Protein chains: 2
Amino acid sequence: MILKYNNIWKAAKKELSDSAHGIDHTKRVYGLCQRLAPEDVDTDVLLLSALLHDIARKEEDEDDTGRVDHAVLGAKKAEKILEEKGYEKQTIEPVKHCIRAHRFRSNEKPETIEAKILSDADKLDAVGAVGIARMFMLAGQFGERIYREVDKETYLEENLTDNGRVMKLSEHSPNLEYELKLKDIPDRLYTERAKRIAEDRMKYMEDYFSRLNEEIAGDR
Amino acid sequence: MILKYNNIWKAAKKELSDSAHGIDHTKRVYGLCQRLAPEDVDTDVLLLSALLHDIARKEEDEDDTGRVDHAVLGAKKAEKILEEKGYEKQTIEPVKHCIRAHRFRSNEKPETIEAKILSDADKLDAVGAVGIARMFMLAGQFGERIYREVDKETYLEENLTDNGRVMKLSEHSPNLEYELKLKDIPDRLYTERAKRIAEDRMKYMEDYFSRLNEEIAGDR
């Protein structure tokens with residue numbers, strides 16, 4: 001994989017946070033954007049967006065009020081960085097849209113092909129063998145259990161907030177994250193190429209959690 | 001799985017540490033010991049050992065001098081707990097041997113069938129889908145990278161200590177742990193039943209790391 005935009009990488013690196021959303025994740029999303037891109041895409045817009053999409057994660061993670069949105073703040077920070085490096089408005093504005101719209105819960109939905117590809121690439125990095133690794137890294141970081149036998153329906157009933165979002169629980173676990181959130185990822189993808197990659201990765205993740213369950217139950 | 005020895009579980013629970021060596025690991029090792037045990041085993045010795053084998057992990061982890069050995073200290077703590085609960089010397093002494101000998105780097109090697117089974121069960125819990133989960137949880141806890149492309153030979157040359165042990169590096173990663181340490185687990189097993197389970201689990205882990213590598217390289 002060839003990494004362009006050296007000076008922007010440097011600026012991004014300074015801003016990136018934990019191991020699940022850090023520089024390694026950004027590199028993989030950058031690579032996935034290259035894989036997903038058709039020929040008529042604006043490469044600068046797409047790859048600069050990939051590079052800068054998570055630069056406000058740290059602020060969101062460290063904020064206790066729940067009001068910092070890394071997509072909104074990230075777009076503002078990206079604008080500043082790109083202006084400083086001499087990029088033109090015609091690149092900066094669509095980059096800002098990509099970053100604001102990459103978050104699934106964002107009010108702004110992806111409208112351009114570049115924004116759709118970034119959103120897809122970010123979601124693909126949450127599934128497959130990479131997704132498994134990232135889920136357990138976060139579980140270790142936050143002291144979650146390795147596995148929880150919880151009935152999905154009961155869990156949802158007990159933990160839904162008024163707006164239908166599942167609350168963050170200290171008693172979370174990767175298999176719950178998979179059941180409650182990651183299984184829906186294929187329905188949230190925009191591009192056909194991403195859907196093909198997701199199909200294979202979802203199948204792998206499904207098999208992994210079955211196997212984990214079997215090993216824990218003593219059947220493997 | 002039926003859990004016996006209620007009062008000992010309670011005592012053990014208080015002593016157990018992080019998520020990779022905590023109560024969930026102890027329960028799985030207890031279950032594996034039941035699976036591996038032939039009929040003529042001393043069940044009390046085996047299961048009490050399983051239950052208490054990691055009760056001094058916290059002390060080893062929190063010790064900066066590198067002189068606390070959780071196997072040696074664990075055996076002493078187990079003796080105290082079992083004496084308090086009224087167990088006889090003929091149970092306590094073989095339990096202490098099991099706990100002292102369960103650690104691979106221990107000077108005391110497993111001599112009884114119960115000690116061999118505990119050692120095998122503990123190692124089986126480090127491989128397969130469970131092993132993958134535990135490795136990444138530890139990686140998250142200690143801020144390791146998700147993956148490191150490092151040549152095994154070079155890594156060993158650079159990081160071997162005088163006694164041939166691989167040093168703990170802050171720049172460690174699960175795939176390195178797998179290459180340098182976990183691949184040797186089948187050679188360290190004592191019982192035939194454990195070797196059969198390990199064969200299947202090692203194959204799964206090998207496939208997982210190949211796949212992880214492929215996804216990161218952009219081939220999946």
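This is a predicted model: local features need pLDDT of at least 70, side-chain atom pairs count only at pLDDT 80 or more; totals for chains, interfaces and linings use all residues.
Residues are numbered from 1 along each chain as its sequence is written, chains are lettered from A and ligands numbered from 1 in the order in which they are written, and side-chain values use heavy atoms, with hydrogens and water left out.

Chain A holds 11 helices and zero strands, where helices (H or I, at least four residues) and strands (E, at least two) are DSSP runs numbered from the N terminus. Read from the N terminus on, the elements of chain A therefore run α-α-α-α-α-α-α-α-α-α-α. Of the 220 residues in chain A, 51% are buried, a term that means under 20% relative accessible area, with exposed standing for over 50% and partly exposed for what lies in between (1.4 Å probe, protein chains only). Among contacts in chain A between residues at least 6 apart in sequence, 69% join residues at least 24 apart, a contact being heavy atoms within 4.5 Å.

Helix α3 of chain A, residues 43-52, is largely enclosed by the rest of the structure, because eight of its 10 residues are buried. These buried residues are Val45(A), Leu46(A), Leu47(A), Leu48(A), Ser49(A), Ala50(A), Leu51(A) and Leu52(A), and they pack against α1 (6-15), α2 (23-36), α5 (70-84), α6 (89-101) and α7 (113-124) of chain A. Leu48(A), which is found in helix α3 of chain A, counts as buried because its relative accessibility is 0%. Not counting residues up to four places away in sequence, Leu48(A) touches Tyr5(A), Ile8(A), Thr43(A), Leu82(A), Tyr87(A), Thr91(A) and Val95(A). The C-alpha atoms of Leu48(A) and Tyr30(A), which lie 18 residues apart along the chain, are separated by 8.6 Å.

Helix α6 of chain A also contains Lys96(A), a residue that is buried because its relative accessible area is 11%. When residues up to four places away in sequence are not counted, Lys96(A) touches Ala75(A) and Glu79(A).

In chain B, the axes of helix α3 (residues 43-52) and helix α6 (residues 89-101) come within 9 Å and cross at roughly 50°; such axes are lines fitted to C-alpha atoms, for helices over the stretch in contact, and angles run from 0 to 180 degrees between N-to-C directions. α3(B) and α6(B) are therefore oblique to each other, since angles under 35 degrees count as roughly parallel, over 145 as roughly antiparallel, 65 to 115 as roughly perpendicular and the rest as oblique. On the α3(B) side, Asp44(B), Val45(B), Leu48(B), Ser49(B) and Leu52(B) meet Thr91(B), Pro94(B), Val95(B), Cys98(B) and Ile99(B) in α6(B). By class, this contact of α3(B) with α6(B) has seven nonpolar, two polar and one charged residues, where Ala, Val, Leu, Ile, Met, Phe, Trp, Tyr, Cys and Pro count as nonpolar, Asp, Glu, Lys and Arg as charged, and the others, Gly among them, as polar.

Back in chain A, the axes of helix α8 (residues 128-141) and helix α11 (residues 192-217) come within 7 Å and cross at roughly 50°, which makes α8(A) oblique to α11(A). The contact is made by Gly128(A), Ala129(A), Ile132(A), Met135(A) and Phe136(A) of α8(A) and by Arg201(A), Tyr204(A), Met205(A), Tyr208(A), Phe209(A) and Leu212(A) of α11(A). By class, the contact of α8(A) with α11(A) has nine nonpolar, one polar and one charged residues. Tyr178(A), placed in helix α10 (residues 174-180) of chain A, is buried because its relative accessibility is 2%, and Tyr178(A) touches Met135(A), Lys183(A), Met202(A), Met205(A), Glu206(A) and Phe209(A), not counting residues up to four places away in sequence.

Finally, the cysteines: the structure holds zero disulfides over all chains, a disulfide being a pair of cysteine sulfur atoms within 2.5 Å. The sulfur of Cys33(A) is 8.5 Å from the closest cysteine sulfur, in Cys98(A), too far for a bond, and Cys33(A) counts as buried at 0% relative accessibility. In chain B, the sulfur of Cys98(B) is 8.5 Å from the closest cysteine sulfur, in Cys33(B), again too far for a bond, and Cys98(B) is buried, with a relative accessible area of 0%.
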